[in-house]
Amino acid sequence: MNEYSVGGGGITLANQAVTLAFINPAAAPNVNLEILRCWIGQSANATSAQQRVQLETQVTAFPTLTSATPAKLKRASAASVITGGTAGAAGTSGINASAEGAGGKTAIFDDAFNVLNGWLWVPTPGETIVMPAGSASGFGLYLPVAAATLTNWSFGVNYREV
Amino acid sequence: MSRILSYMVPQGPQQHITDSYVSTPPALLIVDERGAHWALGESFARMSDAPNGEFAFNVLRNGIETGEFASRIERRNGKIRIFTRQGWKVWSGRSFL
């Protein structure tokens, strides 16, 4: 199985709701994307604060992002069909949105966490999220409210091509 | 060989010890009284080696493999314990028993 990761570390967020990572499946026919893990952490300080988080899908217009090329989790894997991109277009991925885009978001999971502990989402095998190729929407790891501390965030989304 | 991400290892003087009864997931990591960082790595256990109905991952202490696969790490009553195919195991200071 080919598994990949899109994320970043030491990131400074804008003082607004932010899509941390966004992955849009490629046009069909192509592989589907099975979301296996999402995480968020910060190392800026030791101040306790609660932070909301959502796993969501978004249709066009997509967020404006910093391009992020998926990293291979297995060295022998080929490069992912997903490539880095700034517009959230089909077949691209990016991080740390500077603008959220006008497209509607649909929450899959809503949660909240203490920033001191960070947040890790690992589904059971039957709960994985599959984003089919040719989908009109992309998958986002999203902070629906601005973070209290904006610096030194790390986060990521791991997925499998199936 | 799984990746070692920054949160899996101490980044400087530790300022925060994780509260009791915190579990990863949903927490990202657990820090014990000795400042050790506990986290689940990215290597999947075979389903036959994982607790029924769950994914299990390699257990890392300060980014170093402990040789165990678990679906959860908990800090409870000052001890680190993990949930494995064989049930709960507790960190003895050297290994999980």
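In chain B of this predicted model, residue B:F57 stands opposite B:A70, which belongs to strand 5 of that chain. Strand 4 of chain B, covering residues 57–61, is joined to strand 5 of chain B by 4 bridges, and the two strands run antiparallel.

These two strands belong to an open sheet of 4 strands in chain B, whose order is 2-3-4-5 and whose pairing is antiparallel. The edges of this sheet are formed by strand 2 (30–31) and strand 5 (64–70) of chain B; each has a single partner strand, so one side of each is left without a neighbour in the sheet. As background, the strands of a sheet pair through backbone hydrogen bonds, in either a parallel or an antiparallel manner.

Chain B also contains an open sheet of 4 strands with the order 1-6-7-8, again with antiparallel pairing. Here strand 1 (22–24) and strand 8 (87–90) of chain B stand at the edges, and because each has a single partner strand, one side of each lacks a neighbour in the sheet. On average, neighbouring strands of this sheet are turned by 25° against each other, direction ignored. Within the sheet, strand 7 of chain B (residues 79–84) runs antiparallel to strand 8 of chain B, and 4 bridges join them. In this pairing, B:I82 stands opposite B:K89 of strand 8 of chain B.

Attention now turns to chain A. This chain has 13 strands and 0 helices. Its radius of gyration is 15 Å, which agrees with the value near 15 Å that a compact globule of 162 residues would have. Along the principal axes, the C-alpha trace of chain A spans about 45 × 35 × 25 Å. Of the 162 residues in chain A, 45% are buried. When contacts between residues at least 6 apart in sequence are considered, 85% of those in chain A join residues at least 24 apart.

A:V6 lies in strand 1 of chain A, which comprises residues 2–11. Is A:V6 buried or exposed? A residue is buried if 20 or more other C-beta atoms lie within 10 Å of its own; A:V6 has 25 C-beta neighbours inside 10 Å and therefore counts as buried. Beyond its neighbours within four places in sequence, A:V6 is in contact with several residues, including A:A21, A:A68, A:I95 and A:V157. A:V6 and A:F22 are 16 residues apart in sequence, while their C-alpha atoms are 8.3 Å apart in space.

Leaving aside residues up to four places away in sequence, A:I23 in turn touches A:L33, A:I82, A:F139 and A:Y159, among others. In soluble globular proteins, nonpolar side chains tend to be buried together. The largest nonpolar core here has 62 residues, and those touching the most other members are A:L20, A:A21, A:I23 and B:L28. Strand 3 of chain A (residues 33–42) supplies the largest share of this core, namely 6 residues.

Finally, the two chains meet. Their contact takes 19 residues from chain A and 18 residues from chain B. On the side of chain B that touches chain A, 8 residues are nonpolar, 7 are polar and 3 are charged.

Definitions and conventions:
Residues are numbered from 1 along each chain as its sequence is written. Chains are lettered from A and ligands numbered from 1 in the order in which they are written. This is a predicted model: local features need pLDDT of at least 70, side-chain atom pairs count only at pLDDT 80 or more; totals for chains, interfaces and linings use all residues. Two residues are in contact if their C-beta atoms, placed from the backbone, lie within 7 Å. Ala, Val, Leu, Ile, Met, Phe, Trp, Tyr, Cys and Pro count as nonpolar, Asp, Glu, Lys and Arg as charged, and the others, Gly among them, as polar. Two strands pair if DSSP finds at least two bridges between them. A residue is buried if 20 or more other C-beta atoms lie within 10 Å of its own, exposed if 12 or fewer, and partly exposed in between; C-beta atoms are placed from the backbone. Axes are lines fitted to C-alpha atoms, for helices over the stretch in contact, and angles run from 0 to 180 degrees between N-to-C directions. A nonpolar core is a set of buried Ala, Val, Leu, Ile, Met, Phe, Trp, Tyr and Cys residues joined through C-beta atoms within 7 Å. The radius of gyration is taken over C-alpha atoms; the globule rule is 2.2 Å times the number of residues to the power 0.38.
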